[in-house]
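Here is a briefing on one structure, grouped by topic. Keep the model in view while reading.

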Amino acid sequence: QVQLVESGGGLVQAGGSLRLSCAASGIIFSINIMGWYRQAPGKQRELVASITTGGSTNYADSVKGRFTISRDNAKKMVYLQMNSLKPEDTAVYYCAAEIRSIMTVPYKNYWGQGTQVTVSP
């Protein structure tokens, strides 16, 4: 059984910072791409940032220059440092990862349960 568990959400004023963490646990042979998504009320889930095993990153235009994604492969963790937060960043943030439990099976997408980030004006 593979689990992704997020932490670090909360309430912050506009201009503030938060750091989200996500830990992968269970029977894991390897992890490919890890990322963060978010879903605001009434909107579709969108990609915020992703990072490959080698450290290549990709960001949504709306967060470029403000958010930084990083990962610790040894600890099976991914982080999202969010600076200069805006009210429009308010959403439930989900961790996602492509994981395979043994070498002989394809990668499978896993999701965390989500953590609420609320940015007040």
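**Briefing**

R66 is buried, with a relative accessible area of 10%; buried means under 20% relative accessible area, exposed over 50% and partly exposed in between, using a 1.4 Å probe and protein chains only. This is a predicted model, in which local features need pLDDT of at least 70, side-chain atom pairs count only at pLDDT 80 or more, and totals for chains, interfaces and linings use all residues. Residues are numbered from 1 along each chain as its sequence is written, and side-chain values use heavy atoms, with hydrogens and water left out.

**R66 and its surroundings**

- R66 sits in the loop between β6 (57-59) and β7 (67-72). Strands here are DSSP runs (E, at least two residues), and helices are runs of H or I with at least four; both are numbered from the N terminus.
- The side chains of R66 and D89 are joined by a polar contact of 2.8 Å. A polar contact is a pair of N or O atoms within 3.5 Å; within protein, one must be able to donate a hydrogen and the other to accept it, and residues adjacent in sequence count only if both atoms are side-chain atoms.
- Beyond its neighbours within four places in sequence, R66 is in contact (heavy atoms within 4.5 Å) with Q81, M82, N83, S84, L85, K86 and D89.

**The disulfide**

- A search of the whole structure finds one disulfide, defined as a pair of cysteine sulfur atoms within 2.5 Å.
- The disulfide is formed by C22 and C95, with their sulfur atoms 2.1 Å apart.
- This pair links distant parts of the chain: C22 is in strand β3 (residues 18-26) and C95 in strand β9 (residues 91-100), 73 residues apart.
- The link of C22 and C95 is left-handed, with -80° about the S-S bond.
- C22 is buried at a relative accessible area of 0%. C95 is buried too, at 0% relative accessibility.

**The open sheet**

- Four strands make an open sheet in the order β1-β3-β8-β7, with antiparallel pairing. Two strands pair if DSSP finds at least two bridges between them.
- β1 and β7 stand at the edges with a single partner strand each, so one side of each has no neighbour in the sheet.
- On average, neighbouring strands of this sheet are turned by 15° against each other, direction ignored. Axes are lines fitted to C-alpha atoms, for helices over the stretch in contact, and angles run from 0 to 180 degrees between N-to-C directions.
- β1 and β3 pair antiparallel over six bridges. E6 stands opposite C22 in β3.
- β3 and β8 run antiparallel and are joined by six bridges. The bridge partner of A23 in β8 is M77.
- Six bridges also join β7 to the antiparallel β8. I69 has L80 as its bridge partner in β8.

**The nonpolar core**

- The largest nonpolar core has 32 residues, and W36, L80, M82, Y93 and I99 have the most contacts inside it. Such a core is a set of buried Ala, Val, Leu, Ile, Met, Phe, Trp, Tyr and Cys residues joined through side-chain atoms within 4.5 Å.
- β9 gives the largest share of this core, five residues.
- Y93 touches residues including E6, L20, W36, L80, M82 and V117, not counting residues up to four places away in sequence.

**S50**

- S50 is in strand β5. S50 is buried, at a relative accessible area of 16%.
- Leaving aside neighbours within four places in sequence, S50 is in contact with I33, M34, G35, S56, T57, N58 and I69.
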